[in-house]
Amino acid sequence: MHVRIGECFAFVTIVPILPLPSDMLLSMSYRSTSRRFATPRGQWLVPCFAAALLVTGCTTHSSVQLTEDAESRQVVFVKTLQVQEADVKKTTTQPATVAAFFRSEIKPMATGYVSEIRVDIGDVVTAGDVLFVIDVPEQRKQIEVLQAKVKRMLAEQERATAGITLADAQVSAAEASLEEARSDMASVEAALAAAEAEYSRTEDLVQRGSLQQRMLDEVTQKRDSQRAARQSVRSSIQSAQANVTVANAQRSAAVADLKVAEAETEIAARELEQLEVLLQYATVTAPIDGVITARNVEPGNQVTRMNESDQPLMVISQMDRVRVHVPVPEVDAAWVNPGDDVTLTFPSYSDQAPIEATVTRQSGELDASTRTMLVEVELENESRMLLPGMFGQALIHLDVKTDSAQLPSRAIRFREDGQAYVYVLRPDQSVAVTTIETGADDGSLIEIISGVPVGTEVIDAHLQRFEDGQTVSVLPTSS
């Protein structure tokens, strides 16, 4: 049977008791070892433990209740502060990576075997210093062949020039013959005209009978002779004109031969220059000042002309001045401008003061895969303290936002999921757990975007966690 009295409980066992004979006297003997009651004729166990159990149960539960009541009566004292309104310096903190100011990958432009290596990793080089030499015997032979070809082309060119000179002489001779034939034509024409006049006069006299027919025959023969001479001179003129045309054609051919020879000479010369340039590539020199940061070639290695898929034979990094790359997320990218102040810290130099610098440039677009904008900061690095690839952190100071609610960072709590909240103190001294949205954080003060208005009283830093509705007591502020 279960008996409950108030907040106490006990298990009570009721044992039926048989009536005793009237003539039987109940004699009880106390035994200290067994604590039993006995009768002369038999042993009857009287259950007398219920009361004890009842008392024990009540005593234990009552002590727990008293402890809880005592704890509930303890007052938690807190300090409070108000949400203030002030200017907020908007900043963004992002990872930063050091990169060489210039990084040059050396790939071969000649095919051959590496015969000499003059530098190694860590060596400081200046532009023009020889890095390594490639032996290219095939190119050297090709250069010799082309040099001979150029000489032959030059000889052809000289022959074509001589042909032009000869053609010019032939043209002059033909033109002279033409002029001579034309001069003869004038003389023949004059003689023919005289013969024609004499023939007319003689014929007239013969018809009148003043002269004999024999005289007319002589004049006629003379006239016909002059006509034949004129025809001969005409033929000579035509021949001379033909000779002039041929001579001019030969001159044109000679000029064309000269141009062909000059063109072939030019081609051979350009091929020779190309091979000589390629031969110069066999001696690989440094394109920039810097430090050899990688060497992937050994003496005797066979190398081929530059292939994008091949790794560079050497890498030169310019480190007396470096670039610090900072990827800025989309939410802050629009606020970054050249000239913004930047504070750089590096774990490798945690014991040194942060580096103060300014934004040098920005890419002006977001990377489609990361949704970040590349921001660059240039730093002098004469001591080479900053090494390319070194990781750090950049705090970029952006624009100033005015009239923003703020709270000290110590008064703001964060749940496991990152959600921020504060303990708001109600007028009745009870606690209201209020979720807030935070903004800019300078390490001391945090901007409150939403959740609590300016002037709201919240609990300051405290070791205890409070529940919604819990009553606290506010400590007076010290003067």
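## Salt bridges

Arg361 is partly exposed, at 34% relative accessibility (buried means under 20% relative accessible area, exposed over 50%, and partly exposed in between, with a 1.4 Å probe and protein chains only). This is a predicted model, in which local features need pLDDT of at least 70 and side-chain atom pairs count only at pLDDT 80 or more, while totals for chains, interfaces and linings use all residues. Residues are numbered from 1 along each chain as its sequence is written, and side-chain values use heavy atoms, with hydrogens and water left out.

The salt-bridge partner of Glu376 is Arg361, and the closest N and O atoms of the pair are 2.7 Å apart (a salt bridge is a side-chain nitrogen of Lys or Arg within 4 Å of a carboxyl oxygen of Asp or Glu). Arg361 lies in strand E15 (residues 361-366) and Glu376 in strand E16, so this pair ties together parts that are 15 residues apart in sequence. Helices (H or I, at least four residues) and strands (E, at least two) are DSSP runs, numbered from the N terminus. Glu376 is buried, with a relative accessible area of 11%.

## Other bridges and a network

Across the whole structure, 16 salt bridges are found. In one of them, Glu298 pairs with Arg295, with 3.3 Å between the closest N and O atoms. Both partners are partly exposed: Glu298 at 41% and Arg295 at 25% relative accessible area.

Arg410 forms another salt bridge, with Asp460, at 2.8 Å between the closest N and O atoms. This pair links distant parts of the chain, 50 residues apart: Arg410 is in the loop between strand E17 (391-408) and strand E18 (413-414), and Asp460 is in the loop between strand E22 (457-459) and strand E23 (473-474). Arg410 is partly exposed at 48% relative accessibility, whereas Asp460 is buried at 12%. Elsewhere, salt bridges with shared partners join Arg321, Arg323, Arg361, Glu376, Glu378 and Glu380 into one network.

## Aromatic pairs

The structure has 3 aromatic pairs (rings of Phe, Tyr and Trp, the last by its six-membered ring, pair if their centres lie within 6.5 Å; planes under 30 degrees apart count as stacked, over 60 as edge-to-face and the rest as tilted). Tyr421 and Tyr423 make an edge-to-face pair, 5.7 Å centre to centre with 75° between the planes. Tyr421 is buried at 4% relative accessible area, and Tyr423 is buried at 2%.

Tyr423 also forms an edge-to-face pair with Phe466, at 5.2 Å centre to centre and 85° between the planes. Here too distant parts of the chain are linked: Tyr423 is in strand E19 (residues 420-425) and Phe466 is in the loop between E22 and E23, 43 residues apart. Phe466 is buried, as is Tyr423.

## Helix H3

Arg251 is in helix H3 (residues 213-281) and is partly exposed, with a relative accessible area of 33%. Leaving out residues up to four places away in sequence, Arg251 touches Ile164, Ala167, Asp168 and Val171 (contact means heavy atoms within 4.5 Å). Arg251 and Asp168 are 83 residues apart in sequence, and their C-alpha atoms are 6.2 Å apart.

## Confidence

The average pLDDT of the protein is 79, and 80% of the residues score at least 70 (pLDDT is the predictor's confidence in each residue, from 0 to 100). The pLDDT is below 50 over residues 1-72, a stretch that has 40 contacts in the model beyond near neighbours in sequence.
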